[in-house]
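Subject: The model, and what I found in it

Hi,

Here is the structure I promised to pass on.

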Amino acid sequence: MDKEFDRPINRKDTASQKWEKYRDSDILPMWVADTDFMSPPAVIQALHDRIEHGVFGYTNVPGELNALAIERMQNSYHWSVSQDEIVWLPGLVCGLNLACRAVGESGDTVISPKPIYPPFMSSPRLSDRAVCTVPMKETEGHFILDLEALEESLCERTRLILFCNPHNPGGAVYRQHELEALADLVIKHDLIICSDEIHCDLILEPGLKHIPLASLNPEIATRTITLMAPSKTYNIAGLGCSFAIIQNPELRKQFINTKKGIVPDVNLLGYTAAIAAYKDGDSWNQEQLNYLRENRDYLYREINQIPGLKLLPIEATYLAWIDVSGAKLANPAHFFEQAGVGMSPGRDFGDGNFMRLNFGCTRSTLEEAVRRIKVALANELPA
């Protein structure tokens, strides 16, 4: 167990969204998707160096960052991307909203998986689009999008599909044949797809690898808006630096035009952190992944021994999608908060039978959370 990740860091009184929610309660915050780990030393040092410069004016996209992103796509996925095809954004959620506004017209329909990260369902509505949710299906302990249901849900005004790989919640990593089947469907029905791949560097299961949907072939690349960011991997979400890769020139133009005057540029510290993360953060991330795997394996064993709870294998992310339906709780979120564990309610993701637990924390925190859950359910469930 890596001592660096096992070291508690006090995040109270730092205006942390995660920790402020329960600041006056004895509730462990295990909800929003940021970790309790200190960012890589290279990132911290780069930020110190930039701050010491002392001038924080308007900032262009650093050429070094574009080069690093291009190199990363090539080395990791054998995917050739040019600088012109990258659009930098101050967050991934705004990318989802821009995609919904840039594709089609008011009143069109956007397809979203369900369960899914909540902005997938809110972005279409905020963009004056209808949202049509398509269920995930369990295949050999692997939660993926139901393509048959997706195809059946298409209507005359469907223009866009929102997709998430690795999936949040659930942690599924899509295999190549699954992605190829999805790509064929998109091409067949003349659709655009926005692929949220923000957890691409958090693959936990040995033998699995992330494959960007757009990297499959040129035809699906022309129909894909790919969203990525270093934020989840290196715990720098508060610095707001994400990017879209859009290889279709016309689609990219629509996306950029929609962004103009509304979405601000990335701030200079966001750029600084992203450069350091992509340049010097990979060895740190390998240590983080080892720690997260141990947390995942511990949580998987413990949760599946608790009556009323079920957890499928987690292939990626630091987010556990726990089936609590067997516990027959009237209000699961309230129940677990009363037990001292603050998780994300499954209803926010489209399924109230689940709770999402963030295990990107110290092992001692995770063990205490499991202990509290066990005690609470032991007192709730009949013997």
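Asp 190 counts as exposed because its relative accessible area is 58%, and the cut-off for exposed is over 50%. Asp 190 sits in the loop between helix 7 and strand 7, and its phi is positive, about 55°, although the residue is not a glycine. Before you read too much into any of this, remember that the model is predicted.

Asp 13, in the segment before helix 1, has a positive phi near 60° and is not a glycine either. As background, most residues other than glycine have a negative phi, and most peptide bonds are trans.

One joins Lys 114 and Pro 115, with omega about 5°, and Pro 115 is in the loop between strand 3 and helix 5. Another joins Asn 165 and Pro 166, with omega about -5°; Pro 166 belongs to the loop between strand 6 and helix 7 (176-188).

Helix 5 covers residues 119-126, and its buried residues are Pro 119, Phe 120, Met 121, Ser 123 and Pro 124. Among the elements covering those buried residues are helix 4 (92-102), strand 3 (109-114) and strand 4 (130-138), along with strand 6 (158-164) and strand 7 (192-196).

Now the salt bridges, which come to 23. Here are some to click on:

- Arg 11 and Asp 36: their side chains meet with N to O at 2.9 Å. This pair links distant parts of the chain, with Arg 11 in the segment before helix 1 (17-20) and Asp 36 in the loop between strand 1 (28-29) and helix 2 (41-53), 25 residues apart. Both Arg 11 and Asp 36 are buried.
- Arg 23 and Asp 13: the closest N and O atoms are 3.2 Å apart. Arg 23 is in the loop between helix 1 and strand 1, and Asp 13, in the segment before helix 1, is 10 residues away from it in the chain. Arg 23 counts as partly exposed because its relative accessibility is 47%, whereas Asp 13, at 64%, counts as exposed.
- Glu 368 and Arg 371: this salt bridge is 2.7 Å, N to O. Both residues lie in helix 14 (residues 363-380), 3 residues apart, or about one turn of the helix. Glu 368 is partly exposed, with a relative accessible area of 23%, and Arg 371 is partly exposed too, at 45%.

There is also a network: salt bridges with shared partners join Arg 11, Lys 18, Asp 34 and Asp 36.

How many cavities of 30 Å³ or more does a search of the whole structure find? The search turns up 1, and about 30 Å³ of space lies in the largest cavity. Its lining is made up of Arg 72, Met 73, Ser 76, Tyr 77, Cys 200, Asp 201, Met 228 and Tyr 278. Helix 3 (residues 63-77) supplies the largest share of that lining, 4 residues. By type, the lining divides into 5 nonpolar, 1 polar and 2 charged residues.

One more spot to check is Pro 332, in helix 13 (residues 332-338). Pro 332 counts as buried because its relative accessibility is 11%, and buried means under 20%. Setting aside neighbours within four places in sequence, Pro 332 is in contact with Val 324, Gly 352 and Met 355. The C-alpha atoms of Pro 332 and Ser 344 are separated by 9.9 Å, with the two residues 12 apart along the chain.

Finally, the overall picture. The protein chain has 14 helices and 14 strands, and 56% of its 383 residues are buried. Its C-alpha trace spans about 60 × 55 × 40 Å along the principal axes. The radius of gyration is 21 Å, which agrees with the value near 21 Å for a compact globule of 383 residues. Of the contacts between residues at least 6 apart in sequence, 74% join residues at least 24 apart.

Cheers

Key. Residues are numbered from 1 along each chain as its sequence is written. This is a predicted model: local features need pLDDT of at least 70, side-chain atom pairs count only at pLDDT 80 or more; totals for chains, interfaces and linings use all residues. Side-chain values use heavy atoms; hydrogens and water are left out. A salt bridge is a side-chain nitrogen of Lys or Arg within 4 Å of a carboxyl oxygen of Asp or Glu. Helices (H or I, at least four residues) and strands (E, at least two) are DSSP runs, numbered from the N terminus. Buried means under 20% relative accessible area, exposed over 50%, partly exposed in between (1.4 Å probe, protein chains only). Contact means heavy atoms within 4.5 Å. On a 1 Å grid over the protein atoms alone, a cavity is a set of points where a 1.4 Å probe fits but cannot get out, and a pocket is an open set with protein on both sides within 12 Å along at least five of seven lines; lining residues have an atom within 4 Å of a point. Grid points are joined across faces, edges and corners, and a volume is the space filled by probe spheres set on the points. Ala, Val, Leu, Ile, Met, Phe, Trp, Tyr, Cys and Pro count as nonpolar, Asp, Glu, Lys and Arg as charged, and the others, Gly among them, as polar. The radius of gyration is taken over C-alpha atoms; the globule rule is 2.2 Å times the number of residues to the power 0.38.
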